[in-house]
Structures are given as structure tokens and as C-alpha cells.
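Please open the model in a viewer and keep the selection panel at hand.

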2 protein chains.
Amino acid sequence: MRIGAVEAGGTKIVCGIGNEEGEILERISFPTVKPEETVRQIIAYFQDKQVEAIGVGSFGPINIDVNSLQYGYVTTTPKPGWSNYPFLPELKKALHVPFGWDTDVNAAALGEATWGAAKGLESCLYYTIGTGVGVGVYTEGKLVHGLIHPEGGHILTRRHPEDTYGGFCPYHGDCLEGMTAGPAIEGRWGIKGSELDVDHKAWEFTAFYIGQAVAGAILMLSPQKVILGGGVMHQEQLFPLIREQVRRNLNGYVSSPALAEHIDTYIVAPGLGDNAGLAGSLALGLRALG
Amino acid sequence: MRIGAVEAGGTKIVCGIGNEEGEILERISFPTVKPEETVRQIIAYFQDKQVEAIGVGSFGPINIDVNSLQYGYVTTTPKPGWSNYPFLPELKKALHVPFGWDTDVNAAALGEATWGAAKGLESCLYYTIGTGVGVGVYTEGKLVHGLIHPEGGHILTRRHPEDTYGGFCPYHGDCLEGMTAGPAIEGRWGIKGSELDVDHKAWEFTAFYIGQAVAGAILMLSPQKVILGGGVMHQEQLFPLIREQVRRNLNGYVSSPALAEHIDTYIVAPGLGDNAGLAGSLALGLRALG
């Protein structure tokens, strides 16, 4: 089986071919530019690849309501040219196979539930913490859409009492994204996170916010696994700090061995590593086959 | 069709008979006492009622994992005699019909999605704000269980800058429940909420916290409807105040007509009124018939 996958990020597009085992057989990537040019490149890649379906996990916000006339559109993004752009319809015009379509983070959550850290489970949350923060929500065996789709990167958390940084989110200032994404770390300390020591105060602050957000998400959704990915989470020292904050915030209220005894295997890095996004799009493509 | 329904609260039990239209044909209620006596009363009520199934929406935490040996148990409640009590198994021993079983708030969410304010929708959140705060989560046509079940009444919100009350939650102090449930209002102002004027500062504070929680839940879950029930929400002046807080917190980020133009019909009181709980249990019973 040959399934196409498109991981469409705001900065770059990754296209690949995979199989039903989640194996990525080949891939290319190119920068995300104007939509017409980007679509042309995606179509060119898949033109002679003879895939049976294609899954697209896209940056957003996007329209994922199959009953909407704007299904498959990128909606209100500030990214030049992409606002209200019929991304999926344009791909479908040229590539005549079944398409799967969802947010990049929902795709990653599905990929992890299919082949990764949440394999065999009915629910997981997938956080990406990088240049922005996004959350994919998979629950009771379904990706959550609802009114639009989850945007859990923008929830408010309480401020760390020693943190004077105002946050960079243009909508909410000091929401989760505004305080923990890459630009927040650089904005607060004046240098990139990747250049900070592993015992820098930055990681205490970052874990404080992420831990609070994850604790709140556990209360709201009771996921069977919480997966933390994205560039910021390459700082592996964050994991024990975040787990400690989650415990501190829940304070024993949610009574489960997953939290009390096995939190090291409950809050984890993506099982698919940096393939989570592309493999997730692959999983969307597989689902499109029915 | 005659379906039994049990709304099992920590203070009182309501038992009733209803039909597939969500109509409640008869009901009784009695105080929740020791579990053996309470179970005896429930069984006595249904013994000769010839119902085809019974749905139970229960106070918690409860075990709703059908693969668990403790399925149907009330788990870690401080309520005397109820901790680790096999509530559903005891009912099943005496009443030989299919049983539905879920949390009281999940039941209410299902009832609202079946016959009430969220009728025909694939998702809704049901908050009860009364002596405690609970949240039922219905998404993509399914009640959310996950690891245990949602406990969204205990999320942290930011404090109102003028509010000096410490909160009454024994686990989290000033979590949502600790700041907005009935005992918080009475603890903060020294008199019951029902005796406060409709323009008392209390309602500004209460709306501040609930609005923040609802905004966060919209970001995490993107529900198609948010339903606010429970005794505190009988204070109808709260609704416009809460809608305003939700708007203020989201600040235009979630772009949907439901929020921009129709928030009055998006954040609403239960369509089933104070029947939401019992009708929800009825819906659980109907689902148990398959």
C-alpha cells in the first residue's frame, strides 16, 4: 500500500509516501510560500507517485466541517495569501484520490494513537510547543472537531510569580503560547532557548506554564496519554519539571496509577519523534480509504 | 417504551420512569444516605415498574471503564460508606435489565444533546455549578471517559484582582469549584447566594471565573454548545456577564458566528431545565438498549 502524506506547516511543507505500517518510504520538504506555488509543488511531487490516498495535516485555522462550503479552506491566518484559501479543493482538482484533512496537531495525535506513544489507546493529547503552541485532541477513538477545531495553545494559565515577561500572543498576550513558545523564550531572555543552559531558570518558567496547562487538560479531558512534541520539547530536561508541575497542580485529586505511579510513561515525548506530523498525515490518508 | 432513570447525587437520589421522547412519566426522590439503604430504596422503586432498561448518572468519582473489575463502583469519595462501593453491581444483582452508567454530568450532557439545548449536535459541554462544580463532556457524538472521566470543575483560573477569598476546595483551594460553587459564594460574602441582590459584586466575581473556564474549554474542545446548569446558574443575571467574560478572554481568536454573533444561543441554560440530570440518566438507559 502506498499512501501520500502532507505535513503542511506555516514555515515548511513536508510531503512523503508511507505504508499501512506507518513507515515513511520517502520524503521531500520545501518552504511554505504563496499558496499557488506551494500547491503546485505538492501536486508535482505526487503526480506520478501512484498513491491510493493522501492525508493532509495543515497549519490553521482551517475549515474541517465536511458539511461546509468552505471545507478544506485555510481560514483566518495572517500568512500572506493563505487567508480564505481553498487549499484542499485545489489539491483535489489535480490529484484524484481520496483525501484525509485535519489540523497538523490532530494529525499528529492520530499518528501517535495509530503507531506511536498512544498506540492502542482510545485517547491522547498531542501538544506541539515550537514557534507556536497547538494541541491535537483524540478522544474515544475520534479526533475532536466540534465548532471549528481545538486551539488549546491559547488557554490562559496563572503567571509564575517571578516572571515579568508580558507574552507575545497578539490576541491574548500571556496565554500558554504567548509564554512558552520559542519566541517567548527568546523574547524573555534575549537569546534562543537552544542556547540556554539546561539548568537555566527559563526551563522552570516554561515547565510552570506547560504543567499547569497539561493539568487543566487532564481535568477537562481525562486523556490516556499526554504527548509533548515540538522544538521547545527537544529540551528534555523539561519533562521531569513538567511532570512535577502536573502533580503539584492536580494535588492527588485525579486518582489513577497513571498519574500516581507511572507519570513517566503518561506524559511523554512523541513515540514517532519528529515523524509524528508526517506519520499523522499518513494516518489521515489511511482513514480516508475507509 | 418504559425506561428507568436514576439521578444519583451526593445529597439526594431521584428515580423516575420515562420514554424514548425524553418525557418523564413519574418520579420520586429521597435523601442519599448509607449506600446499602439507598440501593434498597432504588431497587424497591423499580421492582415492579417493568422498565426495559435503567440509566444511572452518578456522583463521583466513579469507575466507568467497562474493562475494569471495579466497573460501576463509586471510588474515592469522602462520602461515608460510599468509598469503593459497588453501586452498579449491587443494582444489577436485583434488577435484571440492561444498565447505562456514567457520571451525573456526562448524563446531563447526553440528555441535552438528545432532547435539550444541544439537540442534534455532535458536541456540547454541560456545567453544573451548585454545591460543587462538574463538567460533562460530549464530543463527536460520544461521552468522554478517557483515563477516568473529566473533572473539569477543578481547573485553575486566574484570580479576580479584587477578590481576597481563598477558595474552599480541599485539594486546590481557589480552583473553579473552590471559587464559584455555592459554598464559595456563602464563604466569601457570609450569606447564601440566593439572598444576594442581582447586582451584587458576587455575580461579577462568579462570572469572571466561570467565563474564564468556559473560554478555556472552548479553546481545548471547540464544543458546539455550552450549557450552564446547577443551583448557582438559577441566578440568570450571570449569563450575560459570563458571555462577556468569554468574549473578553477569547478576544476574537476563535472565529465563528456562534461566538461573534450568536453567543446568546451558544452559552445557554439547560434546555431541559432541572430535568437535565434525570432526562440524561434516561438517555443513558436508552443507549444501554443499543
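Begin by selecting chain A, whose domain assignment gives domain 1 (3–104 + 274–289) and domain 2 (117–269); such bounds come from an automatic or database domain assignment. This is a predicted model, in which local features need pLDDT of at least 70 and side-chain atom pairs count only at pLDDT 80 or more, while totals for chains, interfaces and linings use all residues. Residues are numbered from 1 along each chain as its sequence is written, chains are lettered from A and ligands numbered from 1 in the order in which they are written, and side-chain values use heavy atoms, with hydrogens and water left out.

**Stop 1: the two domains of chain A**

Colour the two domains separately. Their centres, taken over C-alpha atoms, are separated by 26 Å. The contact between them (heavy atoms within 4.5 Å) takes 9 residues from domain 1 and 9 residues from domain 2 of chain A. Together the two domains bury about 740 Å², 50% of it on carbon and sulfur atoms; buried area is the accessible area (1.4 Å probe) that two parts lose on being put together, summed over both.

Next, select A:Ile64, A:Asp102 and A:Arg287, which in domain 1 lose the most area to domain 2, together 47% of what that side buries. Between the domains there are 4 residue pairs in polar contact, both residues being at pLDDT 80 or more. A polar contact is a pair of N or O atoms within 3.5 Å; within protein, one must be able to donate a hydrogen and the other to accept it, and residues adjacent in sequence count only if both atoms are side-chain atoms.

On the side of domain 1 that touches domain 2, β5 (99–103) and α9 (276–288) of chain A each supply at least two residues. Helices (H or I, at least four residues) and strands (E, at least two) are DSSP runs, numbered from the N terminus. The largest share of that side, 3 residues, comes from α9(A).

**Stop 2: chain A against chain B**

Now display both chains. Chain A can be laid on chain B with an RMSD of 0.0 Å by a turn of 180 degrees and a shift of 0.0 Å along the axis, which is the relation of a two-fold axis. Copies are superposed by least squares on the C-alpha atoms of residues with pLDDT of at least 70 in both.

How many residues of chain A are in contact with chain B? There are 48 residues of chain A in contact with 48 residues of chain B. The two chains bury about 4000 Å² between them, 63% of it on carbon and sulfur atoms. In chain A, A:Arg158, A:Met220 and A:Tyr253 lose the most area to chain B, together 21% of what that side buries.

Centre the view on A:Arg158, the residue of chain A that comes closest to the rotation axis, at 2.7 Å (C-alpha). Then select its counterpart, B:Arg158, with which A:Asp174 forms a salt bridge, the closest N and O atoms being 3.1 Å apart. A salt bridge is a side-chain nitrogen of Lys or Arg within 4 Å of a carboxyl oxygen of Asp or Glu. The count between the chains is 2 salt bridges.

**Stop 3: a cis peptide bond**

Finally, select A:Gly60 and A:Pro61, which are joined by a cis peptide bond with omega about 5 degrees. A:Pro61 lies in the loop between β4 (53–58) and α2 (87–94) of chain A. In chain B, the peptide bond from B:Gly60 to B:Pro61 is cis, with omega near 0 degrees.
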